[in-house]
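Please keep the sequence and the coordinates at hand while reading.

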Amino acid sequence: MKETLFKGNFWSTDLTSTAGYDSIVQHLNDGRKNCKEFEDFLKERATIEEKYGKELINLTKKKPCGQTELNTLKRALEVFKQQVDGVGQSHIQLAQTLREEARKMEDFREKQKLHRKKIELVMDAIHKNRNLQYKKTVEAKRLYEQRCRDKDEAEQAVHRNANLVTQKQQEKLFVKLAQSKSALEDSDRQYQLNVGALEKIREEWQNEHTKACERYEETRRSLEMCSIEKDIEFFVNFRKTGSVPPAPVVYENYYNTQRNATTTRNQAPAPGKGRRGPLPIPASGPGDPDYATVDGYSLIHH
């Protein structure tokens, strides 16, 4: 039978989700509570066992039992009292054993508390870093797409007013277009840098999440109580959040997306209904040598 593991069942396709991690942490908190309850139960029973044992021993010392009898019956009653005394001693020894087990449980609980705290500090920090970088990446993408639209609008303004404005007005339009292309180039570069940074953080978080799951499995096994495999399998099946980690956030070129969307929308014109198409738009894009220029016109105007 295939072993059921924590590390394969507590993922979410949402990069910023902590549902799987929260489920495991809650399970650990429940386990800590159960350990404390079991520890207290052992201590209470130890107190009862010790009290009962002492009462039996005191009974054999204080209460006479056939002291005037003779011969075999006298010996039988003495054996009976010895047996009661032995039972009392056994209960006292059991109380000591129970207290020792309670101390072991307390030590285990304290060690796991410190161990869990270390893991949670690492995971909380990486969750915070991941969410912060994700927000920065989303904002960088939004700004990049806005700069793409600004550049497209500036290009269309140049073509619409090519023969309708004065030379000075036309120069202003070219300056605005060149500036929008320069801003687009900057935002495009920043967007790609944020995507790369987020991917590194995502990989680091995924590795730490896997390690945390494996450490928690060791914690579960260390209890060595009941059927560990069945308990783990039951918990995983009952509380699992998903087996697929979130996909990397990829860089999306604005113009490739727009081109694909336009291709699906366009229909072939009906016969005889053709018309003159729009003026061509400058083809320069992010990364081209003349990205910040328009038909030879540069921001540096002489």
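## Salt bridges along helix H2

The predicted model holds 18 salt bridges. One of them joins Glu101 to Lys104, with the closest N and O atoms 3.6 Å apart; because these two residues lie three apart in helix H2 (residues 71-160), about one helical turn separates them. Glu101 is partly exposed at 37% relative accessibility, and Lys104 is likewise partly exposed, with a relative accessible area of 46%.

Two further pairs have a spacing of four residues in helix H2, namely Glu120 with Arg116 and Lys151 with Glu155. The side chains of Glu120 and Arg116 meet in a salt bridge at 3.7 Å, N to O, and both residues are buried. In the salt bridge between Lys151 and Glu155 the closest N and O atoms are 3.5 Å apart, and here too both partners are buried.

## A linked network

Salt bridges also link Glu39, Lys43, Arg109 and Glu110 in a network.

## Cysteines without disulfides

The structure holds zero disulfides. Cys35 is buried with a relative accessible area of 11%, while Cys148, also buried, has a relative accessible area of 0%.

## Asp22 in helix H1

Asp22 is placed in helix H1, which covers residues 19-62, and is partly exposed, with a relative accessible area of 41%. Between Asp22 and Phe10, which are twelve residues apart in sequence, the C-alpha to C-alpha distance is 9.3 Å.

Note on methods:
Residues are numbered from 1 along each chain as its sequence is written. This is a predicted model: local features need pLDDT of at least 70, side-chain atom pairs count only at pLDDT 80 or more; totals for chains, interfaces and linings use all residues. Side-chain values use heavy atoms; hydrogens and water are left out. A disulfide is a pair of cysteine sulfur atoms within 2.5 Å. Buried means under 20% relative accessible area, exposed over 50%, partly exposed in between (1.4 Å probe, protein chains only). A salt bridge is a side-chain nitrogen of Lys or Arg within 4 Å of a carboxyl oxygen of Asp or Glu.
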